[in-house]
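Work through the exercises below with the sequence and model at hand. Try each task before reading its solution.

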Amino acid sequence: MVIRTRIRAILNQLALLAGAAAAIAYFSYQAFNGEHGIQAQHQFDQQKQDLSNELALLQKEHGALDRRVNLLRSQAIDPDMLDEKARDVLGLVHPNDEVVLLAK
């Protein structure tokens, strides 16, 4: 009878330790590989860096386009931009220019 109680107490302790070990293993795995784990955080950081780089590139491109648009506004038309657009859109050529036709 004493042996059964002692065996039961040992088995209860082992079961408790096994359950605790399983819980620790599960939470450790989730902390590293889970949806919000360490690896996911690294992936989010990399994605954030990529998007920040893309944003900086797009802002730079937007600034360049904005400067070109400002040159074409009716308040202050730049003569060079007007000349460039007239030649491009209307096909006009200055009499002193040499025209070279390229086959497409």
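This is a predicted model, where local features need pLDDT of at least 70, side-chain atom pairs count only at pLDDT 80 or more, and totals for chains, interfaces and linings use all residues. Residues are numbered from 1 along each chain as its sequence is written, and side-chain values use heavy atoms, without hydrogens and water.

**Exercise 1.** Find which residues of α2 meet α3, and state how the two helices pack.

Solution. 
- Locate the helices: α2 covers residues 38-72 and α3 covers residues 79-90. Helices are DSSP runs (H or I, at least four residues), numbered from the N terminus.
- List the contacts (heavy atoms within 4.5 Å). Arg 68, Leu 71 and Leu 72 in α2 meet Met 81, Glu 84 and Lys 85 in α3.
- Take the geometry: the angle is about 95° and the axes lie 8 Å apart. Axes are lines fitted to C-alpha atoms over the stretch in contact, and angles run from 0 to 180 degrees between N-to-C directions.
- Classify it: α2 is roughly perpendicular to α3, a class that spans 65 to 115 degrees.

**Exercise 2.** Which residues does Ile 38 contact beyond its neighbours within four places in sequence?

Solution. 
- Ile 38 belongs to helix α2.
- Its relative accessibility is 44%, so Ile 38 is partly exposed.
- Its contacts are Ala 31 and Phe 32, once neighbours within four places are set aside.

Key: Parallel < 35°, antiparallel > 145°, perpendicular 65-115°, else oblique. Buried < 20%, exposed > 50% of the residue type's maximum accessible area, 1.4 Å probe, protein only.
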